[in-house]
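User: I have a chain open and have not looked at it before. Can you walk me through it?

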Amino acid sequence: MELWLLPFTFILLAVITYFVIQRTVASLTRTPVWLLWLVMMTPPLVWIGWTLFNGKNTPIPPALLLGPFVICLPLYWLLIQWGRPAPNSTMTKDNPTKTSTSDPVAKIASATEKSSLRPITKEEEKDLRNCFPWGIYYLQNIEYRPQVVLCRGKLRTNPEQAYRTVRSNIEAEFGDRFFVVFQESFSGKPFFALVPNTKKSTKPYRGSESLTRPGLALGLMVITLFTTTWMGTQITGVSENPLTDPAVLLQGLPYALALMAILSIHELGHYFAAMVYKVRTTLPYFIPIPFLFLGTLGAFIHIRSPVPNRKALFDIGIAGPLVGLVVTLPILMWGLAHSTVVPLSDSSGILNLESLDPRFSLLLSLLSKWALGSEFVSNTAINLHPVAVAGYVGLVVTAFNLMPVGQLDGGHIVHAMLGQRTGMTIGQITRLLMMLLVFIQPELLLWGIILLFMPVADEPALNDVSELDNWRDLCGIIALLILVTIILPVPGTITKLLTI
C-alpha cells in the first residue's frame with residue numbers, strides 16, 4: 001500500500017468505527033461516543049503513525065503492535081461498564097417495581113422511542129386481562145414500566161398457539177397500538193411485553209418509497225463496480241494507469257464482476273427472505289473503497305421492522321450465507337483451476353494472494369486439491385487468478401458472517417435454534433475460541449478484535465419463544481459445520497493422504 005493512502009484509510013476506518021459504535025453500543029452506556037471512538041481508534045492511529053514516520057519497510061516493534069490493543073481493549077470495556085445505568089434505578093409512578101437492567105425486555109424498552117401514546121389505564125387493564133384466555137396463557141400479574149407493559153403468567157399450550165391467540169386478541173382490542181413481544185426471562189419463564197408502536201401514523205403509509213431508495217443503491221453499486229475494477233487491474237499486475245487506457249481497466253472486470261456477484265447474491269438472499277415474511281428492509285447497499293484494499297468493504301441491508309418469530313429470524317439469517325456459498329464455490333473452483341502453482345516459501349500465507357497457502361482451511365485445501373490435482377503438492381502454494389481472489393474473498397465473507405456472535409448471520413442462526421440466552425453464551429464462547437485460534441493463525445487477529453468489540457446480544461423476535469422444526473435445526477448445524485471446515489486448518493492425516 002502506498003504511504004499516501006494511509007491517512008485516507010484511517011479517515012475511512014474512523015468514520016465506519018464511529019457509526020458502528022453509535023449504532024451498537026451508544027444505547028447501552030452513558031459514556032460519550034467520541035470517547036469510546038477515541039479508545040478504539042488509538043491502535044490503528046499508533047500503527048499508521050509508525051508507518052508514516054518510519055516507512056513501510058520498517059516493521060512495527062512487537063510491543064508497539066500489541067501494546068495499544070492490550071491496553072485499549074480492557075479500557076474500552078471499562079468505559080462501557082462505567083457508563084451503564086445503575087441497575088434497579090428506574091421507578092414508575094403507577095408501579096414502584098424497580099427495573100433491572102438484566103431483564104431481557106429492558107433492551108426492548110430502551111430501544112423504543114418515547115411514545116406519545118397514553119399508558120394503559122385501570123379501565124383498559126380489565127380489557128387487557130381478557131386478552132389472555134386462562135387455557136392459553138394464565139395471566140398472573142401486569143407490570144408497568146416506563147415504555148413497556150409486562151404481562152407475566154403461566155403458559156398452558158404450545159408457544160405458537162399462545163402467541164397467535166394473545167396477539168390476535170390484543171390487536172382486536174387495541175388495534176396497532178402495540179408491538180406484542182413474546183419472550184423468555186432469564187429464569188426461562190415466557191412472558192408477554194406490550195411495546196408502544198411509535199411508527200403508527202394516521203397518514204397513508206409511504207415507507208416503501210423512502211425505504212428502498214433504488215437511486216442510492218444503484219449509485220453505490222456503480223461506484224463499487226469502478227473501485228473493484230480498478231483493484232482488479234492491480235491484482236492482475238497491470239503497471240499502466242487504467243484511467244489512461246480503458247482496455248487496461250477492462251482487465252480488472254472479471255474480478256469485479258465475480259466479487260460483486262458474490263456479495264450481491266448474499267445480500268439479496270437476506271432481502272428476499274425478509275420479503276417473504278413481510279419484514280421491511282432496505283435494498284442492498286455496497287460500500288466502495290477507492291483505490292484501496294479489495295475495492296469494497298462489502299454490502300449490507302438494514303432491517304427496519306421487527307422479525308415476527310424465530311423461524312423468520314433463522315430463514316433470513318441463513319439465506320445470505322447459503323445462496324452466497326452456492327455462488328462462491330463455482331467461482332472459486334473456476335478461479336483455482338485457472339490459477340498457477342508456485343513454490344511454498346516463508347512469505348506464503350493467508351494474506352499473500354500471489355503465494356497463498358490454503359492449508360489454514362480444510363475446505364479451501366480440499367477445493368484446491370480438487371481444482372489443481374497433482375500440481376498442488378506439499379511444497380507448493382497458489383498464485384491466485386483474479387477470479388479466484390474474488391471466490392476466496394467470498395469464502396472469507398461467508399465464514400465471518402457464519403460466526404455465531406451477536407447480529408452476524410451465525411448469531412441469528414444460533415439464537416433462532418437455541419434461544420436468545422443460549423445464543424449469547426455461545427457468542428461469548430466463540431469470541432474466546434477465536435482469540436485462542438489467533439495463536440495458531442496470527443492472521444486472524446483482526447477477526448478476533450472485531451468479534452471482541454461486537455455485542456453478543458441479538459435483537460429478539462416478536463415471538464421469541466416458539467422453537468424451530470427439526471429440518472431447520474439440521475440446516476443450522478450444517479451451516480455451523482461449514483464454518484468449522486473453513487476456519488480450521490487441514491488435519492495432518494488428510495495432508496498425508498492427499499500429499500498436500
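Analyst: What follows is a short tour by question and answer. This is a predicted model, in which local features need pLDDT of at least 70 and side-chain atom pairs count only at pLDDT 80 or more, while totals for chains, interfaces and linings use all residues. Residues are numbered from 1 along each chain as its sequence is written, and side-chain values use heavy atoms, with hydrogens and water left out.

User: How many helices and strands does the chain have?

Analyst: There are 18 helices and eight strands. Both are DSSP runs numbered from the N terminus: helices are H or I with at least four residues, strands are E with at least two.

User: And how much of the chain counts as buried?

Analyst: Of the 500 residues, 47% do. Buried means under 20% relative accessible area, exposed over 50%, and partly exposed in between, with a 1.4 Å probe and protein chains only.

User: Let's take the open sheet. What is the strand order?

Analyst: The order of its four strands is 1-2-4-3, with antiparallel pairing. Two strands pair if DSSP finds at least two bridges between them.

User: Which strands stand at the edges?

Analyst: Strand 1 (137–145) and strand 3 (178–184) do; each has a single partner strand, so one side of each lacks a neighbour in the sheet. From one strand to the next, the twist averages 25°.

User: Is strand 3 mostly covered or mostly open?

Analyst: Mostly covered, as five of its seven residues are buried.

User: How many bridges join strand 3 and strand 4?

Analyst: Seven, in the antiparallel sense. Val-180 has Leu-194 in strand 4 as its bridge partner. The hairpin of these two strands has five residues between them, and there Gly-188 takes a positive phi near 90°.

User: What about strand 2 and strand 4?

Analyst: Strand 2 (residues 148–155) and strand 4 (residues 190–196) are also antiparallel, over four bridges. Here Val-149 stands opposite Leu-194.

User: Which helices lie across these strands?

Analyst: Helix 5 (residues 122–129) lies across strands 1, 2 and 4, at about 150° to strand 1. Helix 6 (residues 159–174) lies across strands 2, 3 and 4, at about 155° to strand 3. Axes are lines fitted to C-alpha atoms, for helices over the stretch in contact, and angles run from 0 to 180 degrees between N-to-C directions. Contact means heavy atoms within 4.5 Å.

User: Which residues touch the most others in the largest nonpolar core?

Analyst: Leu-384, Tyr-392, Met-403, Trp-447 and Ile-487, out of 62 members. Apart from that core lies another, of 29 residues, including Leu-128 and Ile-170. A nonpolar core is a set of buried Ala, Val, Leu, Ile, Met, Phe, Trp, Tyr and Cys residues joined through side-chain atoms within 4.5 Å.

User: Last one: where is Ser-361?

Analyst: In the loop between strand 7 (340–343) and helix 12 (362–372). Ser-361 is buried, with a relative accessible area of 1%. Beyond neighbours within four places in sequence, Ser-361 is in contact with Thr-485, Ile-486, Leu-488, Pro-489 and Val-490. A polar atom of the Ser-361 side chain lies 3.2 Å from the backbone nitrogen of Leu-364.

Terms used
Polar contact = N/O pair within 3.5 Å; in protein donor to acceptor, adjacent residues only side chain to side chain.
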